[in-house]
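Here is a short report for someone meeting this structure for the first time. Keep the sequence and the 3D view open while reading.

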Amino acid sequence: MSAPSTADQAPRTRSPDRPEPGSTGRSRSRTARRGWRQAFRRDWQLYSLAILPLLFFLIFRYLPMIGNVIAFRRFQPGGNVLGEYWVGLRYVKMFLSDPTFWNVFTNTAVLGGLTLLVCFPLPIVLALLLNEVRARRLKRFVQSVSYLPHFLSIVIVAAMVMQLLSIDGTVNQLVRAAGGDAVPFLQQPEWFRTVYVSSELWQTLGWGTILYLAALTTIDENLYEAARIDGANRWRQTWHVTLPGIRPTMVTLLILNIGTFMAVGFEKVLLLYNPLTYPTADVISTYLFRMGFQSSNFSYAAAIGLFEAVIGLTLVLSANAISRRTVGTSLW
Amino acid sequence: MSTDASTVDAGKAVDEIIRPRGRRGIRPTRGYRVFQVVNAIILTGVVIVTLYPFINILARSLSDEAYIIAGKVSLVPRGFNVDTYKLLMSDSLFWTNYRNTVVYTVVATIIAIVMTTCYAYVLSKRHLKGRGALVGIAVFTMFFSGGLIPNYVLITSLGMKNTIWAIVLPNAISVFNLLVMKAFFESLPVELEEAAAVDGLNTYGILLRIVIPLSKAVIATMVLFYAVSFWNSWFSAFLYMDKQDLLPVTVYLRNLIAGATGAENVGAIAEADEVQAEATLKAVTIVLTTLPILLVYPFVQRYFVSGVMLGAVKG
């Protein structure tokens with residue numbers, strides 16, 4: 001990482017006409033304006049490179065945010081993009097008093113919570129186990145294999161899950177071998193959470209270890225030596241040196257995971273669920289999807305989506321703030 | 001360190017403790033050897049559980065339908081035959097969709113790389129006025145998004161339904177990839193660009209002739225990241241494409257497993273051999289859709305890993 005002072009002398013700078021950082025004039029706004037004008041004159045080529053990407057963000061990321069106003073307006077397909085007239089909080093009230101909404105809200109929280117509980121700590125455990133492997137080749141082989149599912153399309157994962165859990169699939173072969181009766185896993189609501197979380201784990205476990213393994217290599221060997229001299233055994237070394245060493249990584253990933261907590265694998269649920277498993281499988285985003293595209297109730301669906309996005313944002317912000325206060329690590 | 005210690009008598013004891021034997025010193029204790037064995041067993045378990053579905057699907061795809069229905073196919077194909085492969089290969093819709101996937105992936109990746117490189121390069125210039133705002137504009141979208149419905153309304157009203165643009169443009173920049181590239185550009189030596197500027201290259205020249213050639217590794221990583229994500233994507237096509245012959249192969253597979261593929265689509269197959277078609281057909285489609293990724297995976301995997309770590313360095 002280069003120090004700020006070297007970065008100041010980046011190419012395209014013509015130092016003579018650059019305002020010195022310390023010498024802000026009497027009228028600050030005037031200096032600021034002149035600063036901008038100079039910045040443009042100096043760096044217009046750089047700014048020009050940013051135009052297309054900025055347009056992209058503006059059109060495909062920020063316009064939809066504004067588009068959320070249809071959550072407060074009556075929208076008719078084919079009509080005005082932003083809706084016909086204001087209805088205020090009508091749609092918000094609608095979902096707050098909608099029993100299905102509260103059902104899908106609970107499902108979302110439960111699925112998100114279970115995923116967090118299972119898919120967050122296990123990669124850490126796997127990384128620690130991999131870290132103890134002496135044989136380089138073996139280690140690399142295990143890693144390569146465990147990353148593999150990450151590269152598959154959700155559609156393929158869903159298809160594999162269906163094949164494995166079908167009546168003639170492997171899982172039911174095992175069930176029958178153990179003397180049980182075949183279970184139609186994907187038709188029974190009580191199985192959905194298990195199916196979802198385990199498939200999620202299968203797909204993300206290995207990939208989740210990458211950052212931890214990277215963090216593990218940066219831990220100072222001297223710390224282990226010091227711990228050994230103090231009489232720490234391997235378990236103690238792990239507890240007092242290794243885990244604190246990867247704590248920043250853990251916290252960062254935890255915050256990110258909490259941020260996506262409410263947006264539980266929409267695509268996977270959409271592919272795996274069916275009306276029979278709605279009682280446990282239907283989540284906010286799939287309900288929203290059905291409301292929007294099957295019932296053509298766009299405004300209602302947009303209100304639900306906005307609610308979901310706001311919760312997500314709040315979760316990230318608070319997780320970040322809490323971790324900054326307590327552990328001292330934060331995303332920004 | 002060990003040489004210092006061994007000179008003194010008392011130092012020998014210390015030396016005994018800290019002499020690195022294995023990576024982390026001390027003679028392995030019995031408990032540790034037990035741990036190593038248990039660890040090996042756990043890791044083997046992880047490998048088996050991860051690989052099993054792949055092998056199972058492959059076995060199914062090569063098996064006779066009757067054995068599958070009887071629940072007898074596990075690791076080895078039973079009643080070996082490749083008829084379903086032949087059937088699927090003869091389905092023109094499958095090939096059209098397969099070709100669509102290739103086209104969408106290539107076009108989308110090119111656009112994404114150009115956009116991401118440009119913006120990441122701009123963001124990497126620390127002296128740039130307004131840089132903080134430019135970063136913020138991108139990063140904020142990681143935590144808050146417009147949502148499904150407004151996006152749908154937008155794409156529809158832009159008239160991008162049933163065009164490649166609905167798939168390509170809305171996903172042209174991944175902020176994660178952007179930050180990885182930015183971190184990489186920031187790590188390049190400033191002096192090189194300064195020298196190029198002195199030699200009279202303008203910003204475009206520096207980017208094209210100095211920075212990009214130096215960044216081949218990271219650009220290759222980004223190409224892989226984007227290509228895989230576009231290859232695997234299905235939802236935007238599912239949402240914005242009404243016509244069968246515009247769909248990518250992922251949606252073909254989705255329709256197959258959802259049982260939504262009407263008679264007119266798998267018509268040829270169904271007529272050819274209805275019984276044979278059902279269960280093996282899904283397995284064969286999975287195999288053919290995954291194949292390209294599985295083929296390149298061993299070669300590109302380490303680039304992915306280094307790419308992710310590159311992003312991690314920045315934190």
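Residues 206-231 of chain B are 96% helix and 0% strand. The end C-alpha atoms of that span lie 32 Å apart. This is a predicted model. An unreviewed UniProt entry annotates residues 206-231 of chain B as a transmembrane region. The same annotation also covers residues 34-55, 102-122, 134-158, 164-185 and 283-300 of chain B. Take residues 134-158 of chain B: they are 80% helix and 0% strand. Their end C-alpha atoms are 25 Å apart.

In an unreviewed UniProt entry, "domain: ABC transmembrane type-1" covers residues 105-319 of chain A. That span is 77% helix and 0% strand. Its end C-alpha atoms lie 20 Å apart.

**Salt bridges**

The structure holds 10 salt bridges over all chains. The table lists some of them.

| Pair | Closest N to O distance |
|---|---|
| A:Arg42 and A:Asp43 | 3.2 Å |
| B:Arg60 and A:Asp168 | 3.0 Å |

What does the pair B:Arg60 and A:Asp168 join? B:Arg60 forms a salt bridge with A:Asp168. B:Arg60 lies in helix 3 (residues 30-61) of chain B, and A:Asp168 lies in the loop between helix 7 (154-165) and helix 8 (170-177) of chain A, so the pair joins two chains. B:Arg60 is buried, at 2% relative accessible area. A:Asp168 is buried as well, at 16%.

The bridge between A:Arg42 and A:Asp43 stays within chain A. A:Arg42 is buried, with a relative accessible area of 13%. A:Asp43 is buried at 2%.

B:Lys182 and B:Glu186 sit in helix 10 (residues 175-187) of chain B. They are 4 residues apart, which means a separation of about one helical turn. An α-helix has 3.6 residues a turn, so residues three or four places apart point the same way. Both B:Lys182 and B:Glu186 are buried. They also belong to a network of salt bridges that links them with B:Arg126 and B:Arg131.

**Covered parts**

How many residues of helix 15 of chain B are buried? In this helix (residues 249-257), 9 of its 9 residues are buried. Among them are B:Tyr252, B:Arg254 and B:Asn255. B:Gly259 follows helix 15 of chain B, and its phi is positive, near 70 degrees.

In chain A, look at A:Leu130. This residue is in helix 5 (residues 121-131). A:Leu130 counts as buried, at 0% relative accessibility. A:Lys268 is 138 residues from A:Leu130 along the chain. The C-alpha atoms of the two are separated by 29 Å.

**Surface patches**

Now turn to helix 2 (residues 28-67) of chain A, where A:Arg33 lies. A:Arg33, A:Arg34, A:Arg37 and A:Arg41 gather in a patch of positive charge on the surface. A:Arg33 is exposed, with a relative accessible area of 53%.

Which residues make the nonpolar surface patch of about 380 Å²? They are A:Ile51, A:Leu52, A:Leu55 and A:Leu58. A:Leu55 is found in helix 2 of chain A. A:Leu55 is partly exposed, at 39% relative accessible area.

Definitions and conventions:
Residues are numbered from 1 along each chain as its sequence is written. Chains are lettered from A and ligands numbered from 1 in the order in which they are written. This is a predicted model: local features need pLDDT of at least 70, side-chain atom pairs count only at pLDDT 80 or more; totals for chains, interfaces and linings use all residues. Side-chain values use heavy atoms; hydrogens and water are left out. Patches are made of residues with over 30% relative accessible area and no salt bridge: like charges are joined within 9 Å, nonpolar side chains (Val, Leu, Ile, Met, Phe, Trp, Tyr) within 5 Å. Accessible areas come from the Shrake-Rupley method with a 1.4 Å probe; for residues, only the protein chains shown count as cover. A salt bridge is a side-chain nitrogen of Lys or Arg within 4 Å of a carboxyl oxygen of Asp or Glu. Lys and Arg count as positive and Asp and Glu as negative; His and the chain ends are not counted. The place of a charge is taken as NZ of Lys, CZ of Arg, CG of Asp or CD of Glu. Buried means under 20% relative accessible area, exposed over 50%, partly exposed in between (1.4 Å probe, protein chains only). UniProt positions are given in the numbering used here, feature names are shortened, and annotations may be inferred rather than shown by experiment.
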